[in-house]
Amino acid sequence: MTQDLTYDLVVVGGGPAGVAGALTAALAGLRVTLLDSGARLGGQYFRHAAVPRREPGLDRFLRQVRELGARADVLTRHQVWNVSREPDGDVTVHAHTRDASGERPVTLRARRLLIATGAHDRPLPFPGWDLPGVLTAGGAQALLKGGNVLAGRRVVVSGTGPFLLPVATGLAGAGARVLGVYEAGGGLGLARHPLLALGKAAETAGYAAALVRHRVPYRPRHAVVAAHGEREVEAVTVARLDADWNVLTTSIVACDTVAVGYGFVPQIELGTQLGCDTRAEPDGSVVLAVDAAQRTSVPGVWAAGEPTGVAGWAQAEVEGRIAGRAVVADARPQAVRGSDGVLLRRRSRGRAFGAALHEAYPVRPGWQGWLRDDTLVCRCEEVPLARVREAQELGATDARSVKLLARPGMGWCQGRICGYAVSCLAGEPPAPPRRPIAQPVTLGALSEAAPPDAGSQDDPAH
């Protein structure tokens with residue numbers, strides 16, 4: 001289905017950044033539509049079920065959603081898989097949706113685009129991570145928030161970063177027995193940045209109190225390094241680690257579920273499809289480069305939230321508002337009143353907080369020592385570590401050549417899950433994703449709505 005209407009702004013992503021940007025533009029009288037792949041708006045943090053949980057900021061976000069619904073076209077269950085620029089500078093957005101009548105393609109045209117696509121979990125491979133019962137920390141949280149579904153009854157939470165705390169407390173509060181939170185880092189977190197940590201002190205204290213109340217042990221310098229079971233997870237090996245994450249001692253913990261997370265990977269595929277410039281974060285993540293108004297290097301394209309750097313929901317909302325005001329200034333300069341000074345100062349503090357998080361919770365190289373030759377690095381294509389090493393012995397010197405020789409990253413997820421690990425094993429930072437199809441889409445939808453250049457990539461790795 002092609003919309004004849006040309007919007008002033010199309011926003012992709014219904015989390016804090018996308019909703020704030022769309023609402024800011026709509027309040028100024030612009031013709032706006034927002035697309036999100038979920039059944040409800042909210043993104044990972046504000047994902048909510050019929051009885052929403054009281055995360056900080058949720059009430060305000062829900063008010064914004066209601067107001068946006070009255071002023072703009074909000075299209076949920078719409079997954080955007082490609083964007084392209086027209087000769088006149090407009091942007092064409094290709095999506096597909098499913099409803100009671102089946103699947104159909106949707107094509108929208110806009111003068112401006114705001115990319116607010118969020119991020120997904122960054123897992124690290126370890127022996128047994130392909131067993132049923134092993135899932136990402138974000139996946140466990142999504143099941144709970146999106147459908148009030150417990151991922152398991154006896155759960156181990158492992159990885160690094162503050163995101164482990166709300167996941168563990170949420171599971172424990174819903175009735176799961178959380179056997180431990182295993183933080184691979186040193187546990188000091190933001191102690192080196194007390195002024196930045198001050199704003200999160202109450203939230204952190206709340207999580208700590210919840211862990212104590214539910215008798216959940218918190219173990220810094222520990223991580224799950226293997227999962228065991230015949231048909232599903234039955235136990236895990238928990239290791240005590242040194243500062244570089246090399247294994248010192250191990251113990252076995254019986255459980256039925258493991259939730260793991262080592263940070264996040266920003267979703268920037270739509271930006272790279274358009275040729276937007278990128279930059280590297282301190283942890284190696286590749287994000288879209290933006291200016292003070294959240295503009296990318298491509299005229300008419302803005303980005304906000306995790307695609308420009310992971311720093312939490314509050315920062316995403318601020319960036320969305322800044323982007324929305326910039327879009328309004330571009331379309332109707334007379335409609336912009338006041339200064340962005342307060343927003344810019346808040347964004348500056350948020351960016352400092354994000355940089356501090358990268359410094360406080362880095363991924364150390366010792367995790368590679370957890371792997372065995374038969375450990376799957378790429379689960380989609382069932383590529384074990386031994387095949388990656390064989391490719392390197394045959395002359396592969398970077399992640400792309402490893403991909404061509406051994407096929408990691410050429411399956412269903414197109415490297416979203418294994419890409420970081422393969423880059424680390426190849427000894428290089430992750431490269432910007434360049435995918436003509438940003439999200440999985442059926443051949444039927446692709447044949448009906450594929451843009452002319454979608455099949456023109458000459459890189460066999462794609």
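The sulfur of cysteine 413 lies 3.9 Å from the closest cysteine sulfur, that of cysteine 380, which is too far for a bond. A disulfide here is a pair of cysteine sulfur atoms within 2.5 Å, and a search of the whole structure finds 0 of them. Cysteine 413 has 12% relative accessibility and so counts as buried, whereas cysteine 380, at 38%, counts as partly exposed. Buried means under 20% relative accessible area, exposed over 50%, and partly exposed in between (1.4 Å probe, protein chains only).

The model is predicted: local features need pLDDT of at least 70, side-chain atom pairs count only at pLDDT 80 or more, and totals for chains, interfaces and linings use all residues. Residues are numbered from 1 along each chain as its sequence is written, and side-chain values use heavy atoms, with hydrogens and water left out.

Helices (H or I, at least four residues) and strands (E, at least two) are DSSP runs, numbered from the N terminus. In helix α12 (residues 419–426), 6 of the 8 residues are buried, so the helix is largely enclosed by the rest of the structure. Its buried residues are covered by elements including β22 (376–378), α10 (385–393) and α11 (399–406). Glycine 427 follows α12 and has a positive phi, near 75°.

Strand β12 (residues 177–183) is mostly covered, with 6 of its 7 residues buried. Two strands pair if DSSP finds at least two bridges between them. β12 pairs in the parallel sense with β11 (residues 154–159) over 6 bridges, and valine 156 stands opposite glycine 180 in β12. With β13 (residues 218–220), β12 pairs in the parallel sense over 3 bridges; here valine 181 stands opposite tyrosine 218 in β13.

Technical notes: Contact means heavy atoms within 4.5 Å.
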